[in-house]
Structures are given as structure tokens and as C-alpha cells.
Amino acid sequence: MEQKLHLIPFQVNEVFEVVEVVPEGIELIAAPKVWEKSKGKGITVAILDTGCDVTHPDLSGRIIGGWNFTHDDDGQPDRYIDYNGHGTHVAGTIAAINNYTGVVGVAPEASLLILKVLDKNGSGQYDWIINGINYAVEQRVDIISMSLGGSIDVPELHQAIQNAITNQILVVCAAGNEGDGQSSSNELAYPACYNEVISVGSINLQRRSSYFSNSNNEVDLVAPGEEILSTYLNGTYAKLSGTSMATPHISGALALIKENANRNFERNLTEAELYAQLIKRTIPLGNSPKLEGNGMLYLTTEEYLSDVFNQKLSGQALKI
């Protein structure tokens with residue numbers, strides 16, 4: 001297929017040589033509150049992106065392998081190096097290790113399979129994406145994370161995703177950054193618009209809908225996507241913005257949810273059951289469902305609802 005699928009446009013806000021912090025987005029979804037129960041151990045997330053800085057100190061211990069499907073480095077399959085920065089940033093939000101310096105990801109003990117399906121320019125052929133999805137299925141990953149998209153509905157891409165779902169793999173996709181801030185309009189991007197995937201919109205760190213976040217009936221939920229701090233090229237760190245940055249918050253959260261749920265239920269939950277567990281952990285922000293779906297991811301929803309109930313009883317102003 002000659003059509004191209006592109007990296008969803010994103011913004012680099014700042015680059016840092018050294019940081020030592022739990023990123024605000026990680027805090028906002030309440031990930032640290034569940035780390036005593038789960039850190040994603042035993043769960044593998046396949047990241048289909050621009051590759052990864054495999055020597056980054058916050059990531060190297062989490063990467064279990066990868067494959068290069070692009071023409072970068074003359075197509076050498078074992079060279080899945082990131083020359084763009086996007087894939088490295090996504091990887092850090094999912095599973096950066098807590099080394100007491102740098103950053104920590106949502107699921108710091110999850111394993112990462114790096115599938116490079118976009119080149120250094122952020123462009124990829126549909127065949128590369130499809131092959132990446134099929135490879136992830138063959139490797140029996142638990143979650144596929146894709147912060148990429150295009151305007152064309154390609155049946156072969158849809159079929160590959162349906163095959164992943166049939167194999168009980170959760171597929172998480174960025175909703176897209178063509179939004180105009182109005183829920184009355186529809187901005188469609190694929191693969192996020194396929195009903196089978198989990199489509200992720202963006203909010204800022206003040207819990208307000210991001211003006212660029214696509215609105216449509218396929219958005220499932222939202223997560224922090226503005227000025228998100230994570231790992232970057234050459235061992236550095238950066239703040240980036242876009243639905244691409246919201247998506248790995250959900251992918252990492254699913255690693256936590258799956259590890260914990262499989263242990264509690266003493267069996268492997270299906271893709272549909274895990275989706276239900278995810279949606280249970282959302283809170284409404286008051287926007288149209290076309291902008292926020294079921295609401296913002298919040299991993300300790302029970303605790304939040306208890307706080308709201310107590311605030312109502314005491315007459316306090318409600319807050320999150």
C-alpha cells in the first residue's frame with residue numbers, strides 16, 4: 001500500500017537534561033496510589049511508533065525486544081532506534097523505571113516491545129503498521145499502543161486490529177489533534193475511529209479539554225496530554241503536547257489494571273472485561289461525550305466517589 005500513515009502532530013514544549021520528579025500527568029490519573037497493588041509486572045505493551053532511545057537510563061531495563069519495519073538504517077530489523085523523539089516519549093509515560101532520578105511511568109514494571117513503524121520523519125506505510133500489529137499478535141503481547149493516525153479508512157488495517165482484539169489484546173489509539181474545541185464538529189482519524197479500539201482524547205493538567213483533541217462518537221475516555229514530561233532522545237527529558245501523550249497514560253493504566261485484575265479474579269480477563277474495568281475507572285468532567293467519552297481516567301475512582309460523598313455531606317465545594 002502506497003498510502004502513508006503519519007505521526008499525529010505534536011508540540012515539543014521544553015527539553016531538559018536532568019529531572020527528578022513524578023510527572024504531573026501520572027499524579028493526575030492517581031497511578032502512584034495503586035502501585036502498592038500493581039506496577040504492571042508481567043504485562044507486555046507493544047509500542048508502535050518511531051522507535052525508542054534504547055539506551056535511555058529510564059527505559060533500557062524495561063525493553064524486552066523490538067523490530068524495525070521502516071526503511072531507516074537500511075531496514076535492518078534489529079535497529080529500532082528513535083531519531084524523532086516521539087516514540088521515546090511515549091515509552092517513558094508507559095513504563096519508565098523509578099531510578100530515584102529522571103521520571104517514572106504509569107506502569108514502571110511493565111515490559112516494552114518496541115515496534116518501529118514510523119520513520120525518522122514520523123511517516124509510515126500502512127503495510128508497516130499492519131505488519132507491526134501482526135507481529136505484536138504473534139508475540140502475544142497484552143496491549144498495543146498506537147499514537148499515530150491518518151484520514152483514510154484502510155480495510156486491511158481494520159482487519160489487523162480486529163485480529164488483535166480476537167486474540168484478547170487491548171488496542172489503544174490517539175484520537176487525533178485536528179480538533180477545533182467544539183463538540184458539534186466531528187474530526188475523524190484512523191485507527192482511533194474503529195469501534196474496536198480504545199480511542200483516547202486529551203485534557204490539560206487543569207482537567208480541561210484540550211482545544212486540539214478530536215471530537216467524535218468513538219472517543220472512549222481522556223487523559224492528560226498537554227505539557228507532559230517524559231523521556232526523550234539522548235537520555236534527556238521533554239514536555240510534549242498532543243493526544244499522542246494522552247494515549248500512553250491509558251496504555252500504562254491498562255497494564256496496572258490487567259495485572260491486578262488477573263490476580264484478583266484468578267484468571268485472565270477478556271479484552272471486553274478489561275475494557276469494562278478501565279471504564280469503571282473514569283470520572284465525568286462535564287464535557288460532551290464526543291470530547292471526553294466516559295470521562296477522565298482516575299485509577300482510584302472508589303476513593304474519589306467517597307470523597308465526593310463526604311464533601312456533599314459537609315457542604316464543601318466539590319473538587320477533584
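Predicted model: local features only at pLDDT ≥ 70, side-chain atom pairs only at ≥ 80, totals over all residues.
Because Trp67 lies in strand E4 (residues 63-68) while Tyr135 lies in helix H3 (residues 126-138), the pair ties together parts that are 68 residues apart in sequence. Trp67 counts as partly exposed, since its relative accessibility is 34%, whereas Tyr135, with a relative accessible area of 18%, is buried.

The rings of Tyr190 and Tyr194 also make a tilted pair, because their planes stand at 50° with the centres 5.2 Å apart. Both Tyr190 and Tyr194 are buried.

In soluble globular proteins, nonpolar side chains tend to be buried together. Here the largest nonpolar core has 61 residues, and those with the most contacts inside this core are Leu112, Ile198, Ile250 and Leu299. Helix H5 (residues 243-265) supplies the largest share of this core, namely nine residues. A second, separate core has 33 residues, including Ala46, Ile165, Val171 and Tyr194.

## The surroundings of Ile198

If its neighbours within four places in sequence are left aside, Ile198 is in contact with several residues, among them Leu170, Val171, Val172 and Cys173. The contacts of Ile198 also include Asp220 and Leu221, as well as Ile250, Leu254, Tyr275 and Leu278.

Definitions and conventions. Residues numbered from 1 in each chain as written. Heavy atoms only, no water. Core = buried A, V, L, I, M, F, W, Y, C linked by side-chain atoms within 4.5 Å. Buried < 20%, exposed > 50% of the residue type's maximum accessible area, 1.4 Å probe, protein only. Helix = DSSP H or I, 4+ residues; strand = E, 2+ residues; numbered from the N terminus. Contact = heavy atoms within 4.5 Å. Phe/Tyr/Trp six-rings, centres within 6.5 Å; stacked < 30°, edge-to-face > 60°.
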